[in-house]
Amino acid sequence: MASKTEDTTPPDNTVPQQSMPEVNRLTAEDITASLKAGFSDFLAHPVMSGFFGLFYAVFGILFVWCLVGLGKIWMIIPAAVGFPLVAPFAAAGLYEMSRRMQKGESFGWSEILSVMAHQRKREMGWMAFVTLFIFWVWTYQIRLWLAIILQKASFSDFEGFMNTIFFTSQGWIFLAVGTCIGAFLSAVLFSVTVVAMPMLLDRETNFVSAMLTSIRVVAESPVVMLSWAAIISVTMLLSLVPAFLGLIFTLPILGHTTWHLYQRAVSPETN
């Protein structure tokens with residue numbers, strides 16, 4: 001009598017797969033409500049929130065100081081303009097603060113900093129790589145066009161560089177080209193990170209899924225998200241004027257706001 005053997009290997013279609021979360025259409029009211037909630041989170045913990053803004057501002061000041069010390073005068077404006085590109089990664093601690101406040105959980109410095117430190121073992125590190133890579137592309141492109149457009153210009157200090165940029169025809173061309181490149185790269189980075197960063201902190205997912213979800217959110221509500229991108233860009237650039245110190249207040253508020261906008265843009269996980 002022939003014996004029957006059982007195949008214990010599950011079929012391929014039974015392997016659990018991670019489904020993409022649903023995204024919601026946003027309105028201007030969602031941005032307004034998120035801004036109010038973000039400002040409320042900042043007021044609830046102004047010292048801790050301001051710390052992340054201060055850290056970011058000090059890093060920016062030291063970065064510019066190093067450029068001056070190394071004689072890389074031409075890098076100051078591109079660095080100052082491109083510096084806000086890495087803000088989403090710097091706001092990870094702010095996302096965690098808003099997440100805990102939203103759930104009514106108490107927390108202190110150790111809880112927030114330990115969560116941030118734990119992110120290096122998760123997918124957040126890959127998002128940091130994506131962010132820094134785009135920042136590197138930005139600086140490389142600026143250097144390339146600087147060499148092409150301003151190759152005959154001479155400037156030995158910051159004042160000379162500013163005069164060349166703003167009071168010569170070559171400088172105006174350089175500004176126009178740099179603005180277009182910066183706008184494109186900023187749009188790309190904004191699209192792939194606007195909800196990807198808080199999503200990676202909030203859920204067990206991979207960075208590719210998070211970036212795709214972020215792109216879908218932008219595609220679902222392009223006008224609203226473009227408005228939010230404009231608010232971020234103008235606010236961050238104005239914050240750089242007083243020696244980066246405006247970031248002490250604006251970065252925390254924008255970071256908390258981004259968390260609440262993410263909550264409205266991406267549907268909760270279903271168990």
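Arg25 sits out in the open: its relative accessible area is 59%, so it counts as exposed (exposed means over 50% relative accessible area, buried under 20%, and partly exposed in between, using a 1.4 Å probe and protein chains only). Keep in mind that this is a predicted model, where local features need pLDDT of at least 70, side-chain atom pairs count only at pLDDT 80 or more, and totals for chains, interfaces and linings use all residues. Residues are numbered from 1 along each chain as its sequence is written, and side-chain values use heavy atoms, with hydrogens and water left out.

**What Arg25 is doing**

- Arg25 forms a salt bridge with Glu220, and their closest N and O atoms are 3.3 Å apart (a salt bridge is a side-chain nitrogen of Lys or Arg within 4 Å of a carboxyl oxygen of Asp or Glu).
- Glu220 belongs to helix α11 (residues 207-220) while Arg25 is in the segment before α1 (28-44), so this pair ties together parts that are 195 residues apart in sequence.
- Glu220 has a relative accessible area of 27%, so it is partly exposed.

**The overall picture**

- The protein has 13 helices and zero strands (helices are DSSP runs of H or I with at least four residues, strands are runs of E with at least two, and both are numbered from the N terminus).
- Going along the sequence, you get the pattern α-α-α-α-α-α-α-α-α-α-α-α-α.
- Of the 271 residues in the protein, 45% are buried.
- Take the contacts with a separation of 6 or more: 77% of them are between residues 24 or more positions apart (contact means heavy atoms within 4.5 Å).

**Other salt bridges**

- Searching the whole structure turns up five salt bridges.
- Glu96 pairs with Arg99 in one of them, with the closest N and O atoms 2.9 Å apart.
- Glu96 and Arg99 are three residues apart in helix α5 (residues 92-102), so about one helical turn separates them.
- Glu96 is buried because its relative accessible area is 1%, and Arg99 counts as buried at 15% relative accessibility.
- Arg203 forms a salt bridge with Asp202, where the closest N and O atoms are 3.8 Å apart.
- Arg203 counts as buried at 7% relative accessibility, whereas Asp202, at 26%, counts as partly exposed.
- Back with Glu96 and Arg99, salt bridges that share partners join these two and Arg100 into one network.

**Aromatic rings**

- The structure holds nine aromatic pairs (rings of Phe, Tyr and Trp, using the six-membered ring of Trp, pair if their centres lie within 6.5 Å; planes under 30 degrees apart count as stacked, over 60 as edge-to-face and the rest as tilted).
- One of these is Phe133 with Trp136: the ring centres are 6.1 Å apart and the planes are at 25°, so the pair is stacked.
- Both Phe133 and Trp136 lie in helix α7 (residues 124-149), three residues apart, about one turn of the helix.
- Trp136 also pairs with Tyr140, with ring centres 5.6 Å apart and planes at 20°, so this pair is stacked too.
- Trp136 and Tyr140 are four residues apart in helix α7, so about one helical turn lies between them.
- Phe133 counts as partly exposed at 44% relative accessibility, and Tyr140 is partly exposed with a relative accessible area of 45%.
- Ring pairs link Trp126, Phe129, Phe133, Trp136, Tyr140 and Phe207 into a cluster.

- Helix α13 has 19 residues and reaches 25 Å from its first C-alpha to its last, close to the 27 Å expected at 1.5 Å a residue (the expected span is 1.5 Å times one less than the number of residues).
- Most of α13 is covered, with 16 of its 19 residues buried.
- His256 is found in α13 (residues 247-265), and at 0% relative accessibility His256 counts as buried.
- The side chains of His256 and Ser49 make a polar contact at 2.9 Å (a polar contact is a pair of N or O atoms within 3.5 Å; within protein, one must be able to donate a hydrogen and the other to accept it, and residues adjacent in sequence count only if both atoms are side-chain atoms).
- Leaving aside residues up to four places away in sequence, His256 touches Gly38, Asp41, Phe42, Ser49, Leu94, Met97, Ser98 and Met101.
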